[in-house]
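User: Hi! Could you walk me through some helix packing and backbone details in this one?
Analyst: Happy to, here it is.
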Amino acid sequence: MKLAIIGGGGVRAPLFVQSALKRAARLDLTEICLMDTDAAQLQLIGALCAELARRDGSGVRITTTTAVEEAFAGVSHVVTTVRPGGAEGRITDERIAKKHGVLGQETTGACGFAMALRSIPTILAYARKLREISPEAWLYNFTNPAGLVSQALSDAGIARCVGICDSANGAQNAVARRLGIDPQDVEADLFGLNHLSFTRHASVGGVDYLPEALADDAFLASTNMRVFEPRVVRRQGMWINEYLYYYYYVDQALAGHGNGPTRGEEVLELNQQLIAELGRIDSARNPERALKAYFDYEHRRSGSYMSHAIKVETATGEEPPADDSEGYAGVALSLMEALDGKGRIRTGLNVVNRGAIADLRDDDVVEVSCVVDKDSITALPVGMMPEEQSYLVRSVKHYERLAAKAILTKDRDLAVDALVAHPLVLSYSRAEPLVDDFLAAYPGYAEGWR
């Protein structure tokens with residue numbers, strides 16, 4: 001089986017490759033093709049991945065290419081994890097948002113729209129090329145904003161495609177760790193949208209273990225729930241996706257973004273330090289030093305994730321224990337196994353609704369618990385969402401519908417309407433200059449807009 005990673009020169013690629021190699025036998029994996037448009041960085045990251053494969057001894061070939069046709073030839077599964085515009089684009093988005101007094105977070109609100117402006121046409125072009133070359137291959141999109149990109153792909157008629165995000169399975173994984181069991185033994189009841197989801201129950205053998213977990217401050221501090229004050233979590237009565245911090249603490253998030261470097265600037269500096277160090281080390285000649293430099297970088301980056309938002313510290317004041325769920329790689333690889341007929345799993349995914357959430361449209365892309373087995377993904381029924389959560393989910397879904405259509409049809413006025421609909425913008429006097437500034441910042445993506 002051949003697996004392709006689009007964006008394979010990205011700094012997260014070695015983590016994905018490391019996880020894939022562990023499952024090589026179960027997946028019948030023979031080749032991992034890393035495709036990227038940045039040839040120089042692809043060479044550095046590719047050398048790390050090749051060393052990981054050599055050490056693993058499974059015989060899996062690591063290939064690299066800048067040609068998407070080569071990556072897609074004979075492929076069975078494709079993961080898209082790209083950042084059109086690079087980290088510099090993220091910084092530009094953050095600065096434009098700051099100029100207009102709105103939140104500068106890349107997966108939601110104004111910056112989420114700016115990211116989608118670049119991501120949607122990029123991923124759609126890859127998806128259409130994949131259908132030409134390997135029409136039976138599955139496409140797993142991790143490119144942000146994952147839910148909005150998945151909505152646009154669905155609206156454009158792309159099949160055999162699913163949106164993935166590691167945060168969707170937060171409750172399932174956390175309760176499993178608490179109980180010392182396999183996450184597949186936990187039945188999580190997930191509903192909402194990407195980075196805007198809730199989990200009502202996390203049950204084992206018909207017993208819901210989520211209420212007692214949420215009542216435990218130590219549990220909250222050991223998970224991404226530490227970005228919320230415990231009373232906020234308990235008022236919701238559910239596991240809430242950590243990105244809801246940007247809605248529930250919007251004033252603090254805005255204040256945090258106004259002081260010091262933006263997250264994009266932090267990530268760019270870390271990335272530049274890593275790439276420079278790998279270049280000095282010469283990965284091909286000194287693979288041991290290169291891998292140590294890489295994993296040191298990854299520890300620093302993951303340790304700074306949402307660090308500005310932490311409300312609940314662990315008892316020791318140290319970082320909580322590492323999540324061993326393999327992140328988005330684990331989600332994608334488990335999906336591949338199940339879709340290839342090597343088991344049945346329950347997992348949170350971004351899929352077309354088709355009635356799963358009763359108070360959203362059938363053609364909306366939603367984030368819900370799904371059962372996956374050979375060539376089949378089935379969204380589990382949610383029914384009506386609780387009113388306390390429904391209003392926000394429905395508001396943001398309305399924005400996503402408008403934004404996807406605006407970007408697909410290159411309609412400036414519809415893009416303005418989309419941002420006005422978003423709870424983190426809510427104003428024509430903000431939305432119009434935001435859209436105009438984003439289009440001006442990216443002339444390559446603004447061509448043909450009217």
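Analyst: One definition before we start: helices (H or I, at least four residues) and strands (E, at least two) are DSSP runs, numbered from the N terminus. Also, keep in mind that this is a predicted model.

User: Thanks. Which peptide bond is cis?
Analyst: The one from N144 to P145 is cis, with omega near -10°. P145 sits in the loop between β5 (138-141) and α7.

User: And which residue has a positive phi although it is not a glycine?
Analyst: That would be D28, with a phi of about 55°. Look for D28 in the loop between α2 (24-27) and β2.

User: Which residues make the contact?
Analyst: On the α6 side they are A116, S119, I120, I123, L124 and A127, and α7 brings L148, V149, A152 and L153. By class, the contact of α6 with α7 has 9 nonpolar residues, 1 polar and no charged.

User: Switching to strands: in what sense do β2 and β3 pair, parallel or antiparallel?
Analyst: Parallel, over 5 bridges, with β2 covering residues 31-35 and β3 residues 61-65. If you want a spot to look at, C33 stands opposite T63 in β3.

User: What unit do they make with α3?
Analyst: β2, α3 (residues 39-56) and β3 form a β-α-β unit, and the unit is right-handed.

User: How does α3 cross α15?
Analyst: The axes of α3 and α15 (residues 287-303) come within 10 Å and cross at roughly 110°. An angle of 65 to 115 degrees counts as roughly perpendicular, and α3 and α15 are therefore roughly perpendicular to each other. Their crossing is left-handed.

User: What's in that contact?
Analyst: L48, E51, L52 and R55 come from α3, while P287, E288, A290, L291 and Y294 belong to α15. Sorted by class, the contact of α3 with α15 holds 6 nonpolar and 3 charged residues, with no polar ones.

User: One last pair. How do α5 and α14 pack?
Analyst: α5 (residues 86-99) and α14 (residues 263-281) pack at about 160°, with their axes 8 Å apart. So α5 and α14 are roughly antiparallel to each other, and the crossing of α5 and α14 is left-handed.

User: Which residues meet there?
Analyst: From α5, the list is A87, E88, R90, I91, E94 and R95, and they meet R263, G264, E265, V267 and L268 in α14.

User: How many of those are charged?
Analyst: The contact of α5 with α14 has 6 charged residues, along with 4 nonpolar and 1 polar.

Terms used
Residues numbered from 1 in each chain as written. Predicted model: local features only at pLDDT ≥ 70, side-chain atom pairs only at ≥ 80, totals over all residues. Heavy atoms only, no water. Contact = heavy atoms within 4.5 Å. Nonpolar A, V, L, I, M, F, W, Y, C, P; charged D, E, K, R; others polar. Pairing = 2+ DSSP bridges. Right-handed = clockwise from strand over helix to strand, strands pointing away. Axes fitted to C-alpha atoms, helices over the stretch in contact; angles between N-to-C directions. Parallel < 35°, antiparallel > 145°, perpendicular 65-115°, else oblique. Left-handed = near helix turned anticlockwise from the far one by under 90°.
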